[in-house]
Amino acid sequence: MVKFLHPGITLLLLMLWQSTWHASWADTSIPPSYHWGRGISWPDADFNLGGYVNVSYQHPEKPANQLKLDELSLFLTWSPHHRIRFFSEIEVDDWLSTRQSDSFSHALRAERLYVDLLASETTTVRLGKFLTPIGRWNIIHAAPLIWTTTRPLVTDETLFSPHLNGIMLTQRFQLNEHNLDVSIYSDHSARLDIFDSSTTGFGSAFGGRVNFELSETSQIGLSFIDFNTEVSPNADRNDLLGVDFLWKKDSYEVSAEAIYRHASDSQGQEQGFYLQGIAPLAGHVFAIGRYEYLNGTHHFITTDTHVGVAGLAWRPFVPLVFKVEYRFGAQNEPIAPSGFFTSISMFF
Amino acid sequence: MMNMRTLVLWALMACPPAYADDILVITGTGTPFTNATSKRLENIFLRKTLLNEDGIRWIPLNLNPDNPIRQAFSDTLFHRHIDALESYWNEQYFQGITPPYVVASVEAMLRFVTGTRGAIGYILPCHLDERVQVVFKLPTPYTLKPYCQKPAQ
């Protein structure tokens with residue numbers, strides 16, 4: 001990483017770094033500290049270092065079993081100025097596995113790498129590599145945050161790239177004491193994503209998202225993106241529409257996402273949704289149920305897939321979660337094979 | 001480990017009295033804050049709003065989780081108990097946002113707010129002195145006067 005930095009940029013970063021150490025008054029400074037699940041913080045420098053780890057065991061009915069280190073992620077946040085906020089997530093993805101291990105250098109990638117420019121208290125401009133704001137799952141896809149080891153089909157990277165490389169403008173409005181967040185973005189991953197060797201990225205894209213807090217317990221979101229893929233830059237562009245919903249109260253949760261994607265050529269069209277419910281049982285154990293449906297041409301394969309997921313999650317401490325689930329369905333084997341899936345994940 | 005003050009507060013919360021006490025939201029005298037509403041405060045203390053109207057970064061402060069004033073503040077402003085916010089802070093941590101800093105006492109809150117531009121905290125009316133300005137009065141249904149001893153200097 002350091003070899004990419006121009007000496008002038010390095011000097012600027014050092015000056016910003018030094019300035020932050022004098023941002024607070026000496027007699028009111030808060031000392032650096034570590035909290036499990038919240039990382040290590042240097043408040044005077046507005047610097048935080050943390051991350052998460054996820055290990056899974058997958059026992060599908062058809063392919064071989066697999067124990068693997070899914071993710072080892074490191075977050076770094078730094079605000080060298082009131083209006084500037086850097087964030088990076090460096091990740092080792094699918095590195096160690098009993099089926100087939102990847103080389104460390106190939107598994108290492110920048111999952112996110114961006115700077116937020118706070119133009120005002122309600123306006124933010126984001127530059128760099130960040131998560132594609134389609135639905136809710138993709139934005140909070142970290143294993144300690146989600147309830148299942150498996151990911152719903154309508155959020156899968158074969159449907160849309162989980163990352164954007166470009167610029168995003170987010171504006172917050174308040175309507176009758178409810179937050180309304182509107183984001184628009186433009187992507188040119190084919191040119192800008194220099195840190196990723198995967199081939200699932202966008203070629204270019206533009207789109208937007210609206211999220212509205214209906215109440216203190218529920219939110220609704222609408223997403224739109226127009227894109228082409230890096231592997232098929234000459235194919236027709238895709239349009240994807242999404243709608244999502246979240247309700248949370250007293251440890252109960254209901255969430256849903258639906259998508260419709262269309263392209264005029266052989267990429268075809270597909271539509272699908274998931275509906276997921278969470279209910280607390282006893283002793284920090286939660287029951288999870290999910291139904292998924294996907295129909296159309298999914299990654300050039302005609303599909304009409306029904307999937308059910310039934311599972312348990314045990315959260316003995318806030319940063320730690322153990323999950324076990326069984327996935328089943330109809331016409332699901334090629335893209336979401338039935339079987340047992342379990343994982344342990346933890347913020348550190 | 002639940003202490004006696006927490007037990008007393010929970011008992012009071014179970015039977016909210018007809019009268020209400022206020023929690024005062026405070027900033028240093030050099031920190032501008034106009035048009036304060038409970039929604040704006042919620043966005044600041046949940047760190048959805050990071051910058052104030054003067055272009056200075058907000059530094060929201062909290063008391064310890066077992067402090068009855070903190071518990072009443074959370075229940076009144078967010079309508080959620082402190083524990084119920086943990087999943088929210090987990091999601092924010094993934095976005096690089098950490099919860100407000102925790103100070104050990106009301107006096108530490110007053111000192112930090114006084115000495116740091118952009119700092120914002122909360123106290124009871126009996127703790128108010130000339131070092132800080134009140135930007136919002138948050139009426140609570142809870143009796144907080146029993147926790148009204150003057151902060152240690």
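**Before you start**

Residues are numbered from 1 along each chain as its sequence is written, while chains are lettered from A and ligands numbered from 1 in the order in which they are written. Because the model is predicted, local features need pLDDT of at least 70 and side-chain atom pairs count only at pLDDT 80 or more, whereas totals for chains, interfaces and linings use all residues; side-chain values use heavy atoms, with hydrogens and water left out.

**Stop 1**

Now pick residues 1–5 of chain A, where pLDDT stays under 50 and the model has five contacts beyond four places in sequence; a contact means heavy atoms within 4.5 Å. Residues 18–27 of chain A are also below 50, and this stretch has 13 contacts beyond near neighbours in sequence.

Switch to a cartoon view, and chain A shows three helices and 18 strands. These are DSSP runs, numbered from the N terminus: helices are H or I with at least four residues, strands are E with at least two. Of the 348 residues of chain A, 47% count as buried. Buried means under 20% relative accessible area, exposed over 50%, and partly exposed in between (1.4 Å probe, protein chains only).

**Stop 1: A:S189**

Is A:S189 buried or exposed? With a relative accessible area of 2%, A:S189 is buried. You will find A:S189 in helix α3, residues 189–192 of chain A. Show side chains, and look for the polar contact of 2.6 Å between those of A:S189 and A:D187. A polar contact is a pair of N or O atoms within 3.5 Å; within protein, one must be able to donate a hydrogen and the other to accept it, and residues adjacent in sequence count only if both atoms are side-chain atoms. Beyond four places in sequence, A:S189 touches A:H163, A:L164, A:N165, A:F202 and A:G203.

**Stop 2: A:Q269**

Next, select A:Q269 in strand β14, which covers residues 269–280 of chain A. A:Q269 counts as partly exposed, at 33% relative accessibility. Which side chain makes a polar contact with that of A:Q269? The partner is A:Y260, at 3.2 Å. Contacts of A:Q269 outside four places in sequence include A:R261, A:H262, A:N295, A:G296 and A:T297.

**Stop 3: A:V243**

Move on to A:V243 in strand β12, residues 238–249 of chain A. A:V243 is partly exposed, with a relative accessible area of 37%.

**Stop 4: chain B**

Finish with chain B, where the mean pLDDT is 86 and 84% of residues reach 70 or more. Over residues 14–19 of chain B, pLDDT stays under 50. Follow chain B along its sequence and the pattern reads α-β-α-β-α-α-β-α-β-β, for five helices and five strands. Of the 153 residues of chain B, 58% count as buried. Among contacts in chain B with a separation of 6 or more, 74% join residues 24 or more positions apart.

Note on methods: pLDDT is the predictor's confidence in each residue, from 0 to 100.
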